[in-house]
Amino acid sequence: IHTLVRFGSSTTMLSMSILRSTTILNLLLTTTRNMSSTQTEVISFLNAECERIQNPSRAVEMGRYFRHLHPFYGIKAGDLRQLIRKVQEEHCSEWTASSLLDTAETLLGEEYGEKKMLGVYLLGVPYNLKKIQQVPTIIDIFGGYIEEYVNDWATCDNLSSQVVRHVLTAKPEHIPKVQAWSTSSNDWKQRASCVSFLSHARHGTHNE
């Protein structure tokens with residue numbers, strides 16, 4: 001089957017393979033739009049919920065504890081995890097490694113301490129870990145997150161213990177890169193290297 005397209009006096013035949021290529025391109029564009037929509041919905045939901053359940057008096061205490069590095073909503077860790085559970089219930093089937101990493105990076109880049117933790121918790125969901133650990137450059141991505149967005153022990157330690165550690169267990173070929181963080185000029189990468197191996201060290205491995 002062919003489609004005839006006339007240009008003046010000449011006739012050009014477009015094969016169905018070109019039409020199929022156009023169809024594939026349209027599908028890819030639709031998928032990209034859907035992923036962007038998912039990310040937008042998730043971020044909007046988390047923003048609204050953080051505003052809704054904030055605790056101003058607790059936020060003041062948290063600000064003092066973290067020496068005013070970030071503003072806080074005053075939300076407990078358990079409540080943040082519950083928000084991520086709701087996100088997973090709604091969007092689990094829509095996640096790709098790329099959309100997960102993009103969404104987490106957006107959260108890590110926020111000024112509020114709870115938003116940063118939500119980014120970590122999102123990556124630390126077991127289902128999501130299986131997605132992102134397949135990315136060949138995942139450790140380089142984490143290293144970039146630490147350099148760009150991490151400046152407090154809570155975000156550093158949770159990202160290291162709940163995300164990086166599990167990726168190393170599943171993909172031990174990445175271990176040398178995380179070990180190399182220990183000599184980084186970035187203090188948080190040095191700390192992340194140590195924390196990522198704490199569980200391994202307790203079991204007698206990577207404790208040098």
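**Exercise 1.** At what angle do helix 3 and helix 5 pack, and how far apart are their axes?

*Solution.* The model is predicted: local features need pLDDT of at least 70, side-chain atom pairs count only at pLDDT 80 or more, and totals for chains, interfaces and linings use all residues. Residues are numbered from 1 along each chain as its sequence is written, and side-chain values use heavy atoms, without hydrogens and water.

Step 1. Helix 3 (residues 77–91) packs on helix 5 at about 50°, with the axes 10 Å apart. Axes are lines fitted to C-alpha atoms, for helices over the stretch in contact; angles run from 0 to 180 degrees between N-to-C directions.

Step 2. Helix 3 is therefore oblique to helix 5 (under 35 degrees is roughly parallel, over 145 roughly antiparallel, 65 to 115 roughly perpendicular, the rest oblique).

Step 3. Contact means heavy atoms within 4.5 Å. Helix 3 contributes residues including Leu80, Ile84 and Val87; helix 5 contributes, among them, Met117, Leu118 and Tyr121.

**Exercise 2.** Classify how helix 4 lies against helix 5.

*Solution.* Step 1. The axes of helix 4 (residues 97–108) and helix 5 (residues 113–124) come within 7 Å and cross at roughly 160°.

Step 2. Helix 4 is therefore roughly antiparallel to helix 5.

Step 3. Residues of this contact include Leu100, Ala104 and Leu108 of helix 4, and Leu118, Gly119 and Leu122 of helix 5.

**Exercise 3.** Which residues touch Ile132?

*Solution.* Step 1. Leave out residues up to four places away in sequence.

Step 2. Ala97, Leu100, Leu101, Leu123, Ile138, Phe142 and Val163 touch Ile132.

Technical notes. Helix = DSSP H or I, 4+ residues; strand = E, 2+ residues; numbered from the N terminus.
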